[in-house]
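Here is a short briefing on one structural model. Please look through the sequence and the coordinates first.

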Amino acid sequence: MKILAVGDIVGKSGMEKLKQRLKVIISEQNIDFTIVNGENAASGKGLRQKEYQDILSCGADIITMGNHIYYRKEMASEYAKLDRLLIPANITNLNGNGSKIVEKNNTKFGVINLIGKVGINEIAPDASISPFKAAKEEIKKLKENGAQYIFVDFHAEATAEKIAMGYYLQDDVNLVFGTHTHVATADEQILDSGMAYITDIGMTGPKNSVLGLKKEIALKRFITGERARYECSDNEAMFNAIVVEFDDTTKKAVNITRINER
Ligand SMILES: [Fe+2]
Ligand SMILES: [Fe+2]
């Protein structure tokens with residue numbers, strides 16, 4: 001079984017890159033199930049119906065989100081209606097699914113989306129439940145409903161919080177990967193239990209930018225302290241993702257590989 005997880009799609013160029021590359025990679029690498037983080041797909045901020053449909057058309061089986069769920073006010077009442085969308089399970093003031101089972105090729109794939117608390121709480125203050133506690137609750141639900149695999153997108157800032165989550169869930173799920181920082185980490189690994197882990201899978205977004213934002217504006221803010229308005233860069237995008245392969249019998253990971261197309 002082979003799984004593809006794609007890092008935060010940022011803006012128009014990120015969407016373009018996804019359109020160019022996702023189906024090709026799915027086909028070339030014989031991918032069985034694809035997760036895409038779409039929290040920055042709409043001009044860097046959130047996701048609208050259009051990006052939701054477009055990401056699914058590119059070949060995603062499920063779309064995960066993060067702190068940017070708050071940007072598109074008109075979407076607040078829509079999240080729960082979108083069949084293939086997850087919002088962090090530990091955010092409690094918005095309606096939406098924090099986990100879900102998608103059945104594909106006779107396999108029940110469970111996916112969970114969580115948001116961290118450390119260093120991100122100020123931009124997602126309504127994550128009132130601990131992501132650790134929420135994770136266990138969602139895992140219980142998915143297992144009761146027959147999930148054969150469980151994958152977790154932990155959308156968080158702090159490396160320590162993500163690593164801790166990896167160890168906490170290693171006997172319960174098949175893969176924990178991080179999103180949100182937009183910078184891929186080089187710590188992809190298989191833990192003792194057979195669970196695959198990486199702290200962050202990076203972004204599919206503009207090159208020569210500061211996390212997807214125009215670098216001139218980001219520099220101005222840092223150097224002068226002025227509050228210049230952030231704008232999403234429209235530079236051509238890089239493509240960041242991971243491919244994880246599992247043994248079909250034991251469900252243990254046998255390989256985790258980063259994709260970094262620049
Ligand atoms: Fe993001
Ligand atoms: Fe984020």
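This is a predicted model: local features need pLDDT of at least 70, side-chain atom pairs count only at pLDDT 80 or more; totals for chains, interfaces and linings use all residues.

Residues are numbered from 1 along each chain as its sequence is written, while chains are lettered from A and ligands numbered from 1 in the order in which they are written.

**Sheet**

- Five strands make up an open sheet with mixed pairing, in the order S4-S3-S1-S14-S15. Strands are DSSP runs of E, at least two residues, and helices are runs of H or I, at least four residues, numbered from the N terminus.
- The edges are strand S4 (62-64) and strand S15 (253-261), each of which pairs on one side only. Pairing requires at least two DSSP bridges between two strands.
- Neighbouring strands of the sheet are turned by 20° against each other on average, direction ignored. Axes here are lines fitted to C-alpha atoms, for helices over the stretch in contact, with angles from 0 to 180 degrees between N-to-C directions.
- Strand S1 (residues 2-6) and strand S3 (residues 33-37) run parallel and are joined by four bridges. Ile-3 has Phe-33 as its bridge partner in S3.

**Helix H1**

- H1 (residues 11-28) has 18 residues and spans 25 Å from first C-alpha to last, close to the expected 26 Å. The expected span is 1.5 Å times one less than the number of residues.
- H1 bends by about 35° at Arg-21. The bend is the angle between axes fitted to the seven residues ending there and the seven starting there.
- Buried residues of H1 include Gly-11, Lys-17 and Arg-21. Buried means 20 or more other C-beta atoms within 10 Å, exposed means 12 or fewer, and partly exposed lies in between, with C-beta atoms placed from the backbone.
- Among the elements covering these buried residues are helix H2 (49-57) and strand S14 (239-246). Contact means C-beta atoms, placed from the backbone, within 7 Å.
- Just after H1, Asn-30 has a positive phi of about 50°.

**Core**

- The largest nonpolar core has 73 residues, and Ala-5, Phe-151 and Val-176 are among those touching the most other members. Such a core is a set of buried Ala, Val, Leu, Ile, Met, Phe, Trp, Tyr and Cys residues joined through C-beta atoms within 7 Å.
- Leaving out residues up to four places away in sequence, Val-176 touches residues including Val-152, Met-165 and Tyr-197.

**Ser-43**

- Ser-43 sits in the loop between S3 and H2.
- Ser-43 counts as partly exposed because 16 other C-beta atoms lie within 10 Å.
- Ser-43 and Lys-12 are 31 residues apart in sequence, yet 6.2 Å apart in space, C-alpha to C-alpha.
- Ser-43 touches Gly-11 and Cys-232, not counting residues up to four places away in sequence.

Terms used
Two residues are in contact if their C-beta atoms, placed from the backbone, lie within 7 Å.
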